[in-house]
Number of protein chains: 2
Amino acid sequence: MISMNHGSGGVLTGKLINDVFFKHFDNEILLKAEDSAVLDCNSKQFAMTTDSFVIDPIFFKGGDIGKLAVCGTVNDLTCVGALPKYLNCGFIIGEGFSIETLEKIVISMAKTAKEANVKIVAGDTKVVENHGLFINTSGYGEIISPLSISNSKIGDKIIVTGFLGEHQAAIMSARMGISNNISSDVAPLHSLSSCLDGIHSMRDITRGGLVTVLNEICEKSHCGAKIYEDSLPISQETKGFCDILGLEPIYMANEGKMLIIGDVNIDKICQLPYCKNAAIIGEITAPSQLLLQTHIGGTRILDPLYSEALPRIC
Amino acid sequence: MISMNHGSGGVLTGKLINDVFFKHFDNEILLKAEDSAVLDCNSKQFAMTTDSFVIDPIFFKGGDIGKLAVCGTVNDLTCVGALPKYLNCGFIIGEGFSIETLEKIVISMAKTAKEANVKIVAGDTKVVENHGLFINTSGYGEIISPLSISNSKIGDKIIVTGFLGEHQAAIMSARMGISNNISSDVAPLHSLSSCLDGIHSMRDITRGGLVTVLNEICEKSHCGAKIYEDSLPISQETKGFCDILGLEPIYMANEGKMLIIGDVNIDKICQLPYCKNAAIIGEITAPSQLLLQTHIGGTRILDPLYSEALPRIC
C-alpha cells in the first residue's frame, strides 16, 4: 500500500521507482535516473523532464506553488547541463477553488518564467471534487554541456550553492504557525547553465536533502564522499529553528540550491544569482559510505533519508 | 469560484483558459491553442504537449487511466502532424493506494507506449492524503507535416475516424452500473502521422465531443461547417444507450477518434488501425454557425458544449 513515505524522495520512493516504474518502463534513457532525460534531435541533444507539485500550503514565505512549479522544472533541466527553453503546465484544480487565487498563482508563474527566460507553451486544465491545487510542469531545454550524476570523479570538489534547509524550514514554520524570518529559498538556477566549465555532476537539493542527493550521486558514480560539518552553509535562523526541533538541515529540502560536483571556480559560482553563499563542503573519495567529519573531529556515516521528513513539501 | 463545469472542455473551460492562463502566459505559441505546441530545434520543428488524467473510475471497459494517459498525449502530438517519440509521466498517488493496482496501471501504460512506439523517458512521483490516482503525461514528437486548427479551408471534407461517443458512454455505464457491451474506444492514433497528405487540420475528439471540437476549428479557421446527421458513424449500442438517456453522441467524448479536415482519401484512412469505420460527415463552408442537416431534412445550429457533460471523464 502506498504510504506518505513513498513520496519522501528517500529510500521508499527509490524502491517504488525501481520495483514498479523502472521495471515496466524499461529503457536506457529512463534508467539513467537523471533529473531530466537527455535525448537527441538532429544530432543536437535536448533535455526533457516532468514534476508534479502538491505542496501544502500553496502560499508560503518566499513563494507559492506556482513559483515552485516553474523553478522546479527549470532547475531539473539545468541539472543535466541544459538551458531551459519551454515549459508545459497541467493544472488539477479542486471544485470551489477561488479563481482570484488561481490568477495570483498564474501571475507568479508568469513572473518566474520571465525571470528564468522560459516560455510556457502548452497547458491543460482538469477539475476534481476535492479542494486544492496540483500543478504539473514539464520542460524542454537545449543541452549546452552534458552533465550526469554518473560522472563524478575521485578528487572532485563538492559544492552547495547556498544555505541548506530553508525551503523545508519555511514550510514547517507555516504549518506549525511558528513566526520567524525564514523564507523558502525557491529560485530559478538557470544562470548556472552559463557556468558549466569543470562541472561533472549537478543536482538540485530537494526532497531528501543534501545527504540523499549526494548518496545518489555516489551510488551512480561508484565513489564515496566526505563532507565537513564546519563547511556547511546554514543560516543562523535555520540553525536555531532546527536545534529546537531536533532537525538536521543536511536532510532537509531546498528549492533553490544546487549540489555541484567537479573542478569548479567557487568565486565564479558565488557571483551568480542566488549563489552568493556557495561553499565547498567536501570532496569525492574512493568508494565508501558518505561520511561527515563533525565539528569535534569525529566521523559519522550519513545514510539517505528513509522515511518521510515532511509530507507535501513540493 | 471553480466549478466542475470549468473542467468540461466546453465554453467555461475556454473562458478560464482565456481569462486566466492566456492573459498571463501570453506568447504566440501558446495562444495558437493547438493540441500541442509546435517549436523549432536546429531548423527542424517539434511538438510538445501536456495532459492530466483524473478519470473516475480508473478501470473501465476497454481501458484504464494508464492506457488513457498514454493515448491522450500520443493523440495530441499526432493532431499537429507530429510523430510521437517520447513521453514523461507524473504520478500523484493517494496514500493507501494499492501498489499492485498501481503496477497494473503501469503495465498497461508500458504496453500502450510500446504499441504507440513511444519511450517513457522521465517521471515523477508524489503522494497526497486523499485516495485516488492522477497521472500527467507530457510528450515530444517530431513534426512530419505541420497541421493547424487554423488551416481549414472552404470546401474541405470533414471526416471522423469511427463511431462517436463510445468513451463517454462506457464511463457513464460504469458509473451508473448499467451492464452493456459498450467499450471505451481509447486507442493510440499515431498511425495517422504516416497518412497526412491533404490533411489541413486534425483534432482528437475528447471533452466536449465532435461539436465542441469542430466549433473550435471553425472559429480558428474563420469558416463555417455543415455536417449531416445521416452520415454520422454511431454504433447501434451507443445509439440505444443515448436514446434512453436523452444524450447526443455529437457532444460526447471519445478517446480514440480523430476529427480530420482536408482533401483526404477516405479509403486510405479506413485502412489504418482503429479507423475502419471512418466516414465523411460534412464539409467546411463560408463563415457561419456550425449546422447539422437532420435526418428529416431540417437544419439545426450546433453550439459548443456549455456546461459539464460528465465530470472526470479523462
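1. In this predicted model, chain A is divided into two domains, with domain 1 covering residues 4-143 and domain 2 covering residues 157-301. The centres of domain 1 and domain 2 of chain A, taken over C-alpha atoms, are separated by 21 Å, and the contact between them takes 27 residues from domain 1 and 24 residues from domain 2.

2. On the side of domain 1 of chain A that touches domain 2 of chain A, the elements giving two or more residues are helix 3, strand 5 and helix 4 of chain A. Helix 3 of chain A supplies the largest share of that side, namely 10 residues. Sorted by class, this side of domain 1 of chain A has 11 nonpolar, 11 polar and 5 charged residues.

3. Which residues of helix 4 of chain A are buried? They are A:Leu102, A:Ile105, A:Val106, A:Ser108, A:Met109, A:Thr112, A:Ala113 and A:Ala116. Because these residues cover an arc of only 160° around the axis, they lie on the same side of helix 4 of chain A, whereas A:Glu100 and A:Lys114 are exposed on the other side.

4. The buried residues of helix 4 of chain A pack against strand 4 (63-64), helix 3 (65-79), strand 5 (82-94) and strand 6 (119-128) of chain A, and also against helix 1 (11-24) of chain B. Just after helix 4 of chain A, A:Asn117 takes a positive phi of about 60°.

Note on methods:
Residues are numbered from 1 along each chain as its sequence is written. Chains are lettered from A and ligands numbered from 1 in the order in which they are written. This is a predicted model: local features need pLDDT of at least 70, side-chain atom pairs count only at pLDDT 80 or more; totals for chains, interfaces and linings use all residues. A residue is buried if 20 or more other C-beta atoms lie within 10 Å of its own, exposed if 12 or fewer, and partly exposed in between; C-beta atoms are placed from the backbone. Helices (H or I, at least four residues) and strands (E, at least two) are DSSP runs, numbered from the N terminus. The arc is that of the directions from the helix axis to the C-beta atoms. Two residues are in contact if their C-beta atoms, placed from the backbone, lie within 7 Å. Domain bounds come from an automatic or database domain assignment. Ala, Val, Leu, Ile, Met, Phe, Trp, Tyr, Cys and Pro count as nonpolar, Asp, Glu, Lys and Arg as charged, and the others, Gly among them, as polar.
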